[in-house]
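Trainee: I would like a close look at one part of this model, the place where two chains meet. Please take me through it step by step.

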Amino acid sequence: MGVATDGALALTPARFPPWLALEAGRQGNEWEGWNMLRGNAHRTLQGTPRRALRWLLAVAAALLIGGATAQATYTVGLSLSTLNNPFFVDVRDGAQQEAQLFGIKLVVTDAQNDLNKQISDIEDLIQQKVNVLLVNATDSAGVVPAVKEANAAGIPVFAIDRAIDTSTGAQVVAQIASDNVYGGRLQARRVAEVLGSTGNVVELEGIPGASAAIDRKSGFESELKSVAPNVQIIADQPAGFDQAQGLNVMQNILQAHQGQIDAVVAANDSMAVGALQAIQQAGAKRPNGQPIVVIGFDAIDQSLSQIKAGAMDSTVAQQPKLMGRLGVDAAHMLSLDSLMFSTLASGQFMPVAVQLITAQNLPQ
Amino acid sequence: MPEPSTLSARPRRDWGQIALAYGIYLVLLLFVAAMALLSPNFLRVTNLLNIVTQASTVAVIAVGTTMVILLAEIDLSVGSVAALAGAVTAGVLKAGGGADPVWLLLAVLAGLAIGTALGALNGALTVWGGIPSFIVTLGMLSVGRGLTLLYTGGRPIFGLGGGFSAMAYGRVGPVPVPIIILVVLYTLAALFLHTTQLGRYIYAAGTNRRAVALAGVNVDRLKVGVFALAGTLAGLGGVLLTARLDSAQPTAATGWELDVIAAVVLGGTSLYGGRGAVMKTLVGAIILQLISNGLNLLNVQAYWQQITKGGVILLALLLERSIRRVRGGDEM
Amino acid sequence: MTDTGTGTPLLELQGIVKRFGGVLALDDVSLSLDRGQVLGLVGDNGAGKSTLIKVVAGAYQPDAGTLRMDGAGVRFPAPRSAKEAGIETVYQDLALVDTLDAAGNIFLGRELVRFGGGPVKVLNKRRMQESARELLGRLALELPSSGTEVGMLSGGQRQSVAISRALYTRPKLVILDEPTSALAVTEARKVLELPRTLAAQGVAVIIISHTLQDVLDVTDRIAVLRKGRKVADLRTAETTLEELVAHIVGGGRTRGAGYA
């Protein structure tokens, strides 16, 4: 915890926790906000969502204040839906690293995907008088009674990854989850980068009406308009986040647009892998004879191996460790200055950056 | 008709029979004609082969579901059972290293065996447990999916080796293997249902279970057998899907029970049992796929697709029923 | 005993008891029947008539009591075993499969097979059609067009199919459960000739009916059930409608109570 607890107030890159520098150091795939923290605000302010900016300011403030006052031991409770899934193991690891950094006591519970166990987990954490609760709900509505108990005990609650239903009176300070809109933008920028200024793109949407499908689509389409206004979306079809549908739909689209397609952008990797199969089976190529560029989302093993093999171009990865870290950061800030924080983030969505994965930066 | 003696009150009955028998084919033709007009790419041979190949997995499963529905029962678990069978096949292939044809056969048999076992369990719980099949198979829908997630650890199993995906992408001459599987399977099923004793019992027991039992047929065993066969075919569908995707997805075939039942009903099989023809189920499955294909070719917007798909299914049913009524009097 | 002659009766029931949960449906019923004899079985609704014939037909298992055929003890664990012993039943609702044609119903459960075995026995549809037509002709019953589903036939035609179905195996005993209840008068007349035709060929017949006049017209003997007990066993020639009614509703003389 040396970095943040030695009382220094100067805001220099060297004072940031190492992960901040790491995430910000990658070329072409960073979330602009982190650059701002490194002093590059003039370059990346444009296009940054305001809520993300405010959230970053809050982190910065927390780092400053945290440096001076972290001697008191705060306890943060982290109730996870399951540790059987590597994603949530990473969330836990990130949270633990961050807690160690700030000298915060972190108590982690694993509900094993059992709502009843999660409710008693949360009740235990309330009994232990944790200062803040981070809840990764097994069930968005089912967890509400436990959240209300925490509210009654005056313990602030953050939702991690999965939303908590606030329509029935549960109070949640903020929902911390991956920034799907931003992920869609990264896809659009990759299209512009690979195709240049013109070309034809096929867009595969997820389940119509699902929030991830809507966010990824809107991020992609709005960004594509601004970074590559002459690139056409010649087909835009739903494929249910499903590989089999991705395959079928792409087969059909290939029939309708033979020899015209330059790139396929899918709202998740299962559909992207399905589309890739359709392309390979049909032997379809870009109008210029090059392989069709396939871009996915989620960075599942199946697509990473296709990227490694050179068959697929890229995908967008969520960052579960970062999610865990930001969860602890948020809890930390709240315990430091709840008034300031509540005006910043009350009930809001706090986006966690995602990153583009290509053959150049594949995780090992 | 050789003996018109006692039925002179129904002079238009023959036309009715023809309409009953061919209404769904007329609907299919209408759709094909409409699509051919709307999209210049529709009538391409590759597109038509694509449609049938795409329909093949659902159509394979629908053979078993047709028999279950003919017995006046229902099977909602086929999607989950297919997913589990596909996952087990992929798992065995992975364990065996893939390329060896013996392992390939073993993997496929393992998938079919799992399907058969779960199907037989569906039947046993329905018949001897005395629970309606709607409830039993609703439970199995959930159990099967849970087992699939458990078996796969919630992650796709991929990298199965080229030999296996030949089941989905291989060709005999110009004809894709899945289409050959479809033709063979549907021919066998139609022969079984229309020319054999057990086939006749399936229809008869779906109409009047008691009469068949009083005639000395062990209807309980027949039902368990049909549920088991439906499980085997769901398993086969799952294996084919896994070959097609060259991977087993933990969420594969989610919601397919509805596609399968839609295909069966479009094919004119009565949900009350005892009436229907398996060949028309194939036509139903192809019509469903044709709709999806058309929506993709015409690039219909996502929300409109859901409305259109449901609307077209209803329209097809309405059309088929009215063809029957106009040409066939008041049958059924 | 009311034997009409020839030594051992065809069918003998001794002390048959059948319970459904707490309800005693048959209480110590004994009955015997000879070849060529027509027995009427009458009683109010719920008196136990249907239960009794289902025991004889192998559809129900008695909780106590014995069955004998030709003097030898028998057990019918399933309808099939009763059929194999020569007992055929025509149920009140006819137990026909509406979506099959006449031949399909007549041969239900004993289809003629062209070839094959196990789960794949290929039907000989042509021979079944021919045999069905021949059988219906022999019984002088009206012949529905082959290939027509029996669900589309009239009540009398359906009855003909059901009876042909029962007679196909040349049974020793035919049970007719309410054979006229769903029929028009002229059709009913025709059906009522059947028990006598069969009896003349040496077949025993049990007929259940609510129409007491019909029972009086066609039977040799009449057994009356009330609340699961046999309360009378009468020679048709020696009884009257009034006497029958008295037995059925109770309070009358119980002349047959001592019969075995």
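Predicted model: local features only at pLDDT ≥ 70, side-chain atom pairs only at ≥ 80, totals over all residues.

Mentor: Start with one pair of residues: B:Arg155 forms a salt bridge with A:Asp301, and their closest N and O atoms are 3.4 Å apart. Across the interface of chain A and chain B, the rule finds 1 salt bridge. For polar contact the count is 23 residue pairs across this interface, with both residues at pLDDT 80 or more.

Now see which elements of chain A supply this side. Strand 7 (231-238), helix 11 (243-256), helix 12 (269-282) and helix 13 (301-308) of chain A each give at least two residues to the side that touches chain B. Helix 11 of chain A gives the most, with 9 residues. By type, the residues on that side of chain A comprise 13 polar, 10 nonpolar and 4 charged.

Next, consider the extent of the interface. On chain A, 27 residues are in contact with 29 residues of chain B. Between them the two chains bury about 2,400 Å², and 43% of this lies on carbon and sulfur atoms. Within chain A, the residues that lose the most area to chain B are A:Gln237, A:Asn252 and A:Gln255, which together make up 24% of what that side buries.

To go over it again, find A:Asp301 and its partner B:Arg155 in the view, then turn to helix 11 of chain A with its 9 residues on the side that touches chain B.

Methods
Residues numbered from 1 in each chain as written. Chains lettered and ligands numbered in written order. Heavy atoms only, no water. Contact = heavy atoms within 4.5 Å. Buried area = accessible area lost by both parts, 1.4 Å probe. Salt bridge = Lys/Arg side-chain N within 4 Å of Asp/Glu carboxyl O. Polar contact = N/O pair within 3.5 Å; in protein donor to acceptor, adjacent residues only side chain to side chain. Helix = DSSP H or I, 4+ residues; strand = E, 2+ residues; numbered from the N terminus. Nonpolar A, V, L, I, M, F, W, Y, C, P; charged D, E, K, R; others polar.
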